[in-house]
Every structure is written in structure tokens, then in C-alpha cells.
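Subject: Structure handover

Hello,

Please find the structure for your files below. My notes come after it.

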Amino acid sequence: MKKFTNILGIFVLSFFVIQSVQAAGETPFPAGWKSWTSVTTTLTTIGTLPGCDADVSSFPPIYQETVETYCAVRPEGPGAVAVLVKPAVMTDYKARSGKLAEGSNMILHLKDLKLLFVTGYKDGKPVYAVFKEDGTDATGADGILSANTCRVCHSGYEAFCLNGQCGTLK
Ligand code: HEC
């Protein structure tokens with residue numbers, strides 16, 4: 001019985017350890033994402049996020065930093081990407097107005113990794129989350145899948161990203 005209790009203890013402990021590195025995303029799962037509008041941007045024209053060996057020196061600095069941040073997730077890099085926009089906010093997305101409706105509005109779909117990087121708005125400010133395609137929250141408490149990592153880049157390149165929107169429709 002004691003042995004069983006110990007094993008149970010370890011199980012419960014590891015559950016909390018796993019939970020503690022997982023954080024809740026700041027914006028809800030975009031349930032209807034499969035029917036959102038796929039748009040063409042600089043990144044979707046490139047088509048993939050490459051691995052760390054790729055020569056990206058001709059890309060604008062923000063793209064170089066994006067590759068540097070995510071290239072090591074798999075040896076060949078994150079792979080195929082798509083950008084999806086909620087149909088209701090398409091006009092504002094196109095205008096790059098910096099004024100998008102409250103809630104989840106834009107997705108960077110990492111197709112090979114089956115992850116959705118989601119940008120939403122709360123009180124007019126951009127907020128971030130990462131989900132698996134089935135809706136499981138995969139936002140990290142820290143590290144490259146944390147909302148803070150998204151924010152540092154999306155807000156850090158002010159001249160490039162307008163109130164959280166980085167890409168431009170091509
Ligand atoms: C190092 C910089 C960097 C980091 C970190 C980063 N992004 Fe981005 N993100 C970009 C760039 C650049 C684009 C525009 C790509 C294009 O041309 O479509 C972009 C595009 C997006 C888009 C498509 C809409 C838009 O803004 O154009 C979403 C959604 C998004 N990112 C969410 C996230 C989330 C969520 C995270 C954190 C898990 C994150 N990003 C981390 C640089 C970054």
C-alpha cells in the first residue's frame with residue numbers, strides 16, 4: 001500500500017509540474033478556424049518557416065528573428081504555414097487599421113506542427129494564445145510558446161506590426 005501511495009504521489013506531483021509550465025492562452029480557441037479566410041502575405045509567399053541552416057539574411061529583421069526563434073522546433077524547421085483571418089474582420093485586416101474586433105481574429109497556422117498561433121483583442125489591445133488544432137490550449141507559461149514571447153516580437157517591431165498585426169495582405 002505504501003508503495004502504491006508513493007507512486008500515486010509521484011504521479012500527482014508530475015501532474016502539477018506539467019501543469020505549472022502550461023499557461024492559459026489570453027484569447028479563446030477560434031472554433032470556426034477551418035472556414036476562416038486564407039490570405040497571402042510575405043510569409044505565406046515564402047510558404048514555410050525554414051530550419052536553422054537556411055540563409056535568411058535577405059529577409060527583413062523581424063522575419064530573421066522569427067526564423068531564429070522557431071527554427072529549432074524540428075530539424076527541418078516548423079514547416080508549412082498559412083495565415084487565416086476571421087471573415088468578419090477582413091476589411092480591418094486589409095486596412096491594417098490597428099482596430100480589430102474583440103476576440104480571436106487572426107491565426108498563423110503551422111500546418112506541419114498542427115498548431116494555431118492566435119492573435120485576439122481585449123480592450124483594443126492584442127492578446128495571444130497557442131492551440132492544437134483540436135482546441136487543446138498549448139500556450140506556454142514561458143519559452144517560445146508563451147504569450148509574452150509573441151508580445152515581445154509583435155509589439156517590439158512597432159514600425160512593422162500595427163497594434164499586433166504583423167503581416168500585410170499581398
Ligand atoms: C520573432 C518575431 C515573432 C514572434 C516571436 C511571433 N511572431 Fe507572430 N508573426 C511575426 C511576423 C513577422 C508575422 C507576419 C508574417 C507574414 O508575413 O504573414 C507574424 C504573423 C502572425 C499572425 C498572423 C497575423 C499577423 O499578425 O500578420 C499571427 C496570428 C501571429 N503571428 C501570432 C503569433 C503568436 C500567437 C505568437 C506566439 C506564440 C507569435 N506570433 C510569435 C513575428 C513573430
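Predicted model: local features only at pLDDT ≥ 70, side-chain atom pairs only at ≥ 80, totals over all residues.

Residues are numbered from 1 along each chain as its sequence is written, and side-chain values use heavy atoms, with hydrogens and water left out.

Overall chain

The chain has five helices and six strands, where helices (H or I, at least four residues) and strands (E, at least two) are DSSP runs numbered from the N terminus. Their order along the sequence is α-β-α-β-α-β-α-β-β-β-α. Of the 170 residues, 37% are buried; buried means under 20% relative accessible area, exposed over 50%, and partly exposed in between (1.4 Å probe, protein chains only). Among contacts (heavy atoms within 4.5 Å) with a separation of 6 or more, 61% are between residues 24 or more positions apart.

Strand 3 (residues 79-85) is mostly covered, with seven of its seven residues buried. Two strands pair if DSSP finds at least two bridges between them. Strand 3 pairs with three others, as follows.

- Strand 1 (residues 37-39) runs antiparallel to strand 3 and is joined to it by three bridges; Val39 is bridged to Val83.
- Strand 2 (residues 48-49) is antiparallel to strand 3 over two bridges; Thr48 is bridged to Ala80.
- Strand 4 (residues 103-110) is antiparallel to strand 3 over five bridges; Val81 is bridged to Leu110.

Apart from neighbours within four places in sequence, Thr44 is in contact with Val39, Ala82 and Val83. A polar atom of the Thr44 side chain lies 2.8 Å from the backbone nitrogen of Thr41.

Nonpolar cores

A nonpolar core is a set of buried Ala, Val, Leu, Ile, Met, Phe, Trp, Tyr and Cys residues joined through side-chain atoms within 4.5 Å. The largest one has 17 residues, of which Leu49, Ile62, Leu110, Leu115 and Phe117 touch the most other members. Helix 3 (61-70) and strand 5 (115-122) each contribute at least two residues to this core, and helix 3 gives the largest share, four residues. A second, separate core has nine residues, including Val85, Val89, Leu100 and Tyr121.

Phe117 belongs to strand 5 and is buried, at a relative accessible area of 13%. Not counting residues up to four places away in sequence, Phe117 touches Tyr70, Met106, Ile107, Leu108, Leu110, Ala129, Val130 and Leu145. Ile107 is 10 residues from Phe117 along the chain, and their C-alpha atoms are 5.5 Å apart.

The ligand contains an iron atom whose single donor from the protein is His154 (NE2), 2.1 Å away. Donors here are N, O and S atoms within 2.8 Å of the metal (3.2 Å for Na, K and Ca); water is not among the atoms, so sites may look incomplete. His154 sits in helix 5 (residues 147-156).

Regards

Key
Polar contact = N/O pair within 3.5 Å; in protein donor to acceptor, adjacent residues only side chain to side chain.
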